[in-house]
Amino acid sequence: MKLTVNRIKHILTEDIDSAQRFDVATIDGFVSSCTSAAQNAIANAAPPGFTDFERDQLRHVIQGQRYSHLNIRSLLRNGETPESVDALAIARLQLETLYSFCFMLQDAENVRVFLKHGWKKKYIRFLLQREEYKNLVRFREFFETQALPSLERLQQMSGVTEEEKLSIEYEQLGVTPPPGFKIATIRQFPTPRIIIREIRDPDRKGMLERLYPEYEFLCSFAHGDSEATLFRAILDTHSEAQRFISRGQAEDFWQQHVAETAILYSAISAVQAATEVAAIYPADVELLAKVTTAWSGLIKFTLLARPIWERRAMKILPLI
């Protein structure tokens, strides 16, 4: 089904106070407190159907959102520079992580897909390098005594069977399989558009549908298309674009379209991921308090948060 404007639009009935100002340290605090509380909740008890190892993958994903937010803040620290535009690429990572996390949280089997597909990509790179360097003597010992044993240990941790491993070799190298062998293909971990189709909860699905155009916009800065080029030109003091824009206009552009956008999308993604954890642990008072405080602030700071709040989060945290 196409995600048209008519299908995914979320008409707001209440505005924010656009004259108010917020301290970015407050936003940072929301991300830090929510990711920490979500990790603690998962650490104390694995979600139903998840092994301890699979539970740990969820914790790592949430912690990764905190690190990515810190990287955004680091890129923005030097102000209105062309390189600061890369903060939007990391904001895209934050949003895509939310999609992946929602999918993984839905079913432990999806965590297994996450692990297996990740191992498959590593193994294909290993096979490629081994083929390309097979005539270089100094690499032989590395591939056989270091790289391959490490990959085999990771294979076991990732739940990849020997049949799945042999299937990769057959597909990539044309290795002849043994008699009676049947191909066991590892499923690709889905992209956000496919994840939307596979999400079962209607509120979670509606939230992710509304976020999809925002994800596509942020993809511009990871794919290096015209949007990213334009943003850098506006902020580059040596660009010919400076003939058409004043320094003050460039600073305002950076503040609104780079700094605030990157920080707020990052925060919304991290806080919503923690909110999805809160849906599983409704008795975790600390987690509920942290995400409630964060959403109380976000829905006052920015209209970007309102559709996510009203479509999904408020139904998990009805006390705000």
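Predicted model: local features only at pLDDT ≥ 70, side-chain atom pairs only at ≥ 80, totals over all residues.
Residues are numbered from 1 along each chain as its sequence is written, and side-chain values use heavy atoms, with hydrogens and water left out.

Helices here are DSSP runs (H or I, at least four residues), numbered from the N terminus. Helix 2 covers residues 24-44 and spans 31 Å from first to last C-alpha, close to the expected 30 Å (1.5 Å times one less than its number of residues). Among its buried residues are Ile 27, Phe 30, Val 31, Ala 38, Ala 41 and Ile 42. At the helix start, a side-chain oxygen of Asp 23 comes to within 3.0 Å of the backbone nitrogen of Ala 25.

As for the nonpolar core (buried Ala, Val, Leu, Ile, Met, Phe, Trp, Tyr and Cys residues joined through side-chain atoms within 4.5 Å), the largest one has 81 residues, and Val 277 is one of those touching the most other members. Helix 11 (residues 247-280) supplies the largest share of this core, 17 residues. Beyond four places in sequence, Val 277 has contacts (heavy atoms within 4.5 Å) that include Ala 38, Ala 41 and Ile 42, along with Phe 101 and Leu 287. A second, separate core holds 12 residues, Phe 143 and Val 160 among them.

How values were computed:
Buried < 20%, exposed > 50% of the residue type's maximum accessible area, 1.4 Å probe, protein only. Helix = DSSP H or I, 4+ residues; strand = E, 2+ residues; numbered from the N terminus. Polar contact = N/O pair within 3.5 Å; in protein donor to acceptor, adjacent residues only side chain to side chain.
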